[in-house]
Amino acid sequence: KEDSPEGTLPHYARIVPAIRSPPTSHALINCNLSKPEATLEAVRKARPELAVTDAALLATAIVEAGRWAVSTYDGASYDWTTENQGPMKQAVLREVRQVQEVLEGGEVKKKTKVAKTESEEPVTVTLPLRASQEVGEKWLADRGDLKTLLSDLLNEGVEYQFGPTDIAWHWSMERVNWNTATGGDIARRIRFTVAFDGNCEAVEVGSVGKRRTKKKS
């Protein structure tokens with residue numbers, strides 16, 4: 001990782017995460033993980049030749065591939081399992097500590113109301129994810145044709161719209177007490193969002209509308 005200039009945040013942490021990615025040239029299948037039933041219609045539009053039952057199976061596989069997405073840190077992959085909770089937390093903890101070090105070393109404390117407001121804003125850390133084709137395929141049993149189609153659709157791109165509890169790793173990292181985990185006070189509250197690799201995209205859906213996550217370079 002490249003060293004960050006003094007007083008600036010690393011590439012994975014952003015004070016204002018609502019940065020829109022450049023438009024892509026391919027059409028994405030929209031998959032709202034809070035409303036998974038809507039994915040069926042998106043699949044039927046993308047692949048009208050499919051029987052309704054096959055489209056339903058494929059839609060379920062796409063949803064589950066997003067819910068149980070694999071996280072990748074420093075060349076290691078973490079499936080969402082009980083055994084991986086500890087290792088994943090340690091991988092994220094290294095980044096959280098780097099964020100804290102930058103904040104402590106680069107921010108100048110001011111007494112203005114504006115500065116106080118800024119200092120209370122959370123720092124967003126982006127979790128890198130990959131839609132789990134392996135999990136999706138479990139819903140397709142021995143249907144090799146649908147497994148191939150699932151791979152094709154994930155490669156072409158799926159827009160995963162998600163809320164606070166829709167993606168397992170996002171939900172579990174939000175639940176960690178990072179102040180305790182770092183063994184000291186954190187300059188700002190840590191919040192998490194996600195970014196999918198490849199052509200898949202993540203759009204966070206909340207009370208302030210939709211925010212498209214910028215992928216790591």
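Ala 141 lies in the loop between helices α5 (133-138) and α6, where helices (H or I, at least four residues) and strands (E, at least two) are DSSP runs numbered from the N terminus. The phi angle of Ala 141 is near 50 degrees, a positive value in a residue other than glycine. Ala 141 is exposed, with a relative accessible area of 53%; buried means under 20% relative accessible area, exposed over 50%, and partly exposed in between (1.4 Å probe, protein chains only). The model is predicted, so local features need pLDDT of at least 70 and side-chain atom pairs count only at pLDDT 80 or more, while totals for chains, interfaces and linings use all residues. Residues are numbered from 1 along each chain as its sequence is written, and side-chain values use heavy atoms, with hydrogens and water left out.

A positive phi near 50 degrees is also found at Asp 74, again a residue other than glycine. Asp 74 sits in the loop between β3 (70-73) and β4 (76-78). Asp 74 is exposed, its relative accessible area being 57%.

The protein chain contains eight helices and nine strands. Of its 217 residues, 43% count as buried. Among contacts (heavy atoms within 4.5 Å) with a separation of 6 or more, 72% join residues 24 or more positions apart.

Two packed helices are described by the angle between their axes and the distance between the axes. The axes of α2 (residues 52-67) and α6 (residues 144-156) come within 10 Å and cross at roughly 50 degrees. Axes are lines fitted to C-alpha atoms, for helices over the stretch in contact, and angles run from 0 to 180 degrees between N-to-C directions. The two helices α2 and α6 are therefore oblique to each other; angles under 35 degrees count as roughly parallel, over 145 as roughly antiparallel, 65 to 115 as roughly perpendicular and the rest as oblique. In this contact, Asp 54, Leu 57, Leu 58, Ala 61 and Ile 62 of α2 meet Leu 146, Leu 149, Leu 150 and Leu 153 of α6. By class, eight of these residues are nonpolar, none is polar and one is charged.

The largest nonpolar core has 50 residues, and Tyr 160, Trp 178 and Phe 196 have the most contacts inside it. Such a core is a set of buried Ala, Val, Leu, Ile, Met, Phe, Trp, Tyr and Cys residues joined through side-chain atoms within 4.5 Å. Leaving aside neighbours within four places in sequence, Tyr 160 is in contact with residues including Ile 62, Leu 154 and Phe 196.

Methods:
Nonpolar A, V, L, I, M, F, W, Y, C, P; charged D, E, K, R; others polar.
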